[in-house]
Structure formats: C-alpha cells, structure tokens
Amino acid sequence: MRDHSFRVDPRKLDPLGAFAHVREGILARLEHARSLLPAGTDLLFIEGYRPLALQQRYFTDYRGELAAAHPGWTAEQLHHAASRYVSPPEIAPHSAGAAVDVTLVDQDGHEIDLGTRVNASPEESDGACFTRAPNLSDHARHHRALLLNAMENAGFTNNGTEFWHFSVADRYDALMRQEPGCRHPASAVTRVGQRSAGIAAASSSSRSRLPRRSAMSSKR
C-alpha cells in the first residue's frame, strides 16, 4: 500500500490508522470525483474503513443517547431510530470497506460551508445532515450539489441521511440501483494520504498491521 495525494483529515484517526484505508476500486473513483470538481475546490477525505468494534461502539453510544432522550421507547424503536444515522455493525458499509466520508475544501484546505458539520446527528443539526434538507442556505445547497454531482458521476451512491457519506456496491447502493445484491469483490486495500498544509495522514507504521486484502461484508 502507498500514499496518495488526497487531503486527509485526522478527526477519525484510530490507533491502527484504519480510517485512511479504502478499497482500490473506491480510490480510483475518488480520484475521478476530484477531477470533476471546479478549480479551487477539492475533496477532504475523513473516513474509509472502520473496524467492527469501533462500528459497534458508535452504534451503541448513539442508541444510548436516544434512550436517554426518549425513556419510553422500546428496544425495537431505539434500534430502528439509531439505524437511521449509524448502521448496525452487521450491515455497516464502512466495516465492509464499501463507504467513504468526504466533504469539500477550498484551495487552502479550509472546509467549505455545506450547511452543518460532518457527522452531525439529525438531532444536533435539526435535520440539516440530510442531503436534501430544506433548511440550508443557498451557498450550502450549491456546495452540496457540487459534492453530490462529482461523487455520483464517479460511481458513488450517497446515503440521503448524511450528505458526506458515499458508498459503492454495498446494500444501499444495490437498493438504489435496483440490483439484486452487493457487487464488491474482495480487493486490495490501499491507503489514502498526504502530508502537507497541516493536514495529517494516518501513521505509516500502521500499514503492516492491516490486511492487504479485504473480505468484509456490507450507511454510516
């Protein structure tokens, strides 16, 4: 695996640096998406592969937040509501190596306004995390359209509950494309990264501890 020229944000850095790894097919699509953006605009890569244990923690923590806010909800209601925003581990595309979280930055690496922060929950953002949320400024809506058009034209499918989340060949992608099932084959995993302009990349020492080949199964 080797570094590539993407801007990588460290907010999702994990001990193994797994967050900065993607399938090679996804990397090729990300490179294509970058080429479709207007001059002065670039992708900021936030997260790719996510270990199952971390996915479980995210799901459990969010379900706990909902349980505290809605003490009368049943376990089934909590599971369903939590699944709107964080995938249960057994179907999580990040843990299948099938999803990426990205946003836009300007030529100096500053994040562009897309209406709310990446990873804002529906409760925190008052629904502005939804890709086609009505409560957006014209600027944010325009920027989202730039991101959406570039990623979709590069072969990604956006999850409508998170403007920053895109996947390829997972269950949601198959559903949106009306295909019978997931399409991704086992493929080599590679690392996204750049060391410049103060943007951190995953530690190169992590690479030897990650699998060269993925056999992972399939929203955040």
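This is a predicted model: local features need pLDDT of at least 70, side-chain atom pairs count only at pLDDT 80 or more; totals for chains, interfaces and linings use all residues.
**Strand β3**

Begin with residues 41-47, which form strand β3. Seven of its seven residues are buried, so the strand is mostly covered. To see one of the pairings, pick R7, whose bridge partner in β3 is L44.

β3 and β4 run antiparallel, joined by six bridges. On this side, L44 stands opposite T103 in β4.

Is S121 buried or exposed? Its relative accessibility is 10%, and because buried means under 20%, S121 counts as buried. Show the side chain of S121 together with the backbone of E124: a polar atom of that side chain lies 3.1 Å from the backbone nitrogen of E124. Then display Y62, Y85 and C129, the residues in contact with S121 once its neighbours within four places in sequence are left aside.

**The largest cavity**

Finally, select L114, T131, R144, L147, L148, N158, F163 and F166, which line the largest cavity. The space inside this cavity is about 30 Å³. Which helix gives the largest share of the lining? Helix α5, residues 138-153, does, with three residues. Colour the lining by class to find five nonpolar, two polar and one charged residues.

Definitions and conventions
Residues are numbered from 1 along each chain as its sequence is written. Side-chain values use heavy atoms; hydrogens and water are left out. Buried means under 20% relative accessible area, exposed over 50%, partly exposed in between (1.4 Å probe, protein chains only). A polar contact is a pair of N or O atoms within 3.5 Å; within protein, one must be able to donate a hydrogen and the other to accept it, and residues adjacent in sequence count only if both atoms are side-chain atoms. Contact means heavy atoms within 4.5 Å. On a 1 Å grid over the protein atoms alone, a cavity is a set of points where a 1.4 Å probe fits but cannot get out, and a pocket is an open set with protein on both sides within 12 Å along at least five of seven lines; lining residues have an atom within 4 Å of a point. Grid points are joined across faces, edges and corners, and a volume is the space filled by probe spheres set on the points. Helices (H or I, at least four residues) and strands (E, at least two) are DSSP runs, numbered from the N terminus. Ala, Val, Leu, Ile, Met, Phe, Trp, Tyr, Cys and Pro count as nonpolar, Asp, Glu, Lys and Arg as charged, and the others, Gly among them, as polar. Two strands pair if DSSP finds at least two bridges between them.
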